[in-house]
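Hi,

Here's the model I promised to pass along. Have a look at it first, then read on for my notes.

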Amino acid sequence: MDIAINGLIILVALLHGYFLWFEMFAWTTKGRKVFKKFPPELFEPTKPMAANQGLYNGFLAAGLLWTFLISDSVWKANVSLFFLGCVAIAGIYGALTVERKIFVIQALPALIAILLILIR
């Protein structure tokens, strides 16, 4: 079970590391290919906003990776649950307000990890 939990935490952290890169450094290039419904003329003006979102995603990734440095199992579980909960809430909100597939990409892996931690 620990292998599955750690694997999911790493997956979620890597996804958020990718989101950091994407939103901070590739918003005006790759963003146009990913968000086809977003008006092309708005990518440049929204670049600072996307970079800010990317920074928050980086904090989530850092928090999840931090859990691998915690030796106390209760403390590690609590910190993991906090950051995974933040990711799940953000993913659910994104699915409700932006695009449904955000739930599968962002929230679902975090929710599965949360469930595994709670039933362990």
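Below is what came out of the analysis.

This is a predicted model, so to speak with its own cut-offs: local features need pLDDT of at least 70, side-chain atom pairs count only at pLDDT 80 or more, and totals for chains, interfaces and linings use all residues. Numbering runs from 1 along each chain as its sequence is written, and side-chain values use heavy atoms, with hydrogens and water left out.

The protein has five helices and zero strands (DSSP runs numbered from the N terminus: H or I of at least four residues for helices, E of at least two for strands). Its C-alpha trace spans about 50 × 25 × 20 Å along the principal axes. Of the 120 residues, 39% are buried (under 20% relative accessible area, 1.4 Å probe, protein chains only). Among contacts (heavy atoms within 4.5 Å) with a separation of 6 or more, 56% join residues 24 or more positions apart.

Now for α5, residues 101-119. This helix has 19 residues and reaches 26 Å from first to last C-alpha, close to the 27 Å expected at 1.5 Å a residue (1.5 Å times one less than the number of residues). Even so, α5 has a kink of about 45° at A107, shortly before the proline P109 (the angle between axes fitted to the seven residues ending there and the seven starting there). Both A107 and P109 are buried, and other buried residues of α5 include I102, A113 and I117. The buried residues of α5 pack against α1 (2-25) and α4 (73-97).

Cheers

How values were computed:
Buried < 20%, exposed > 50% of the residue type's maximum accessible area, 1.4 Å probe, protein only.
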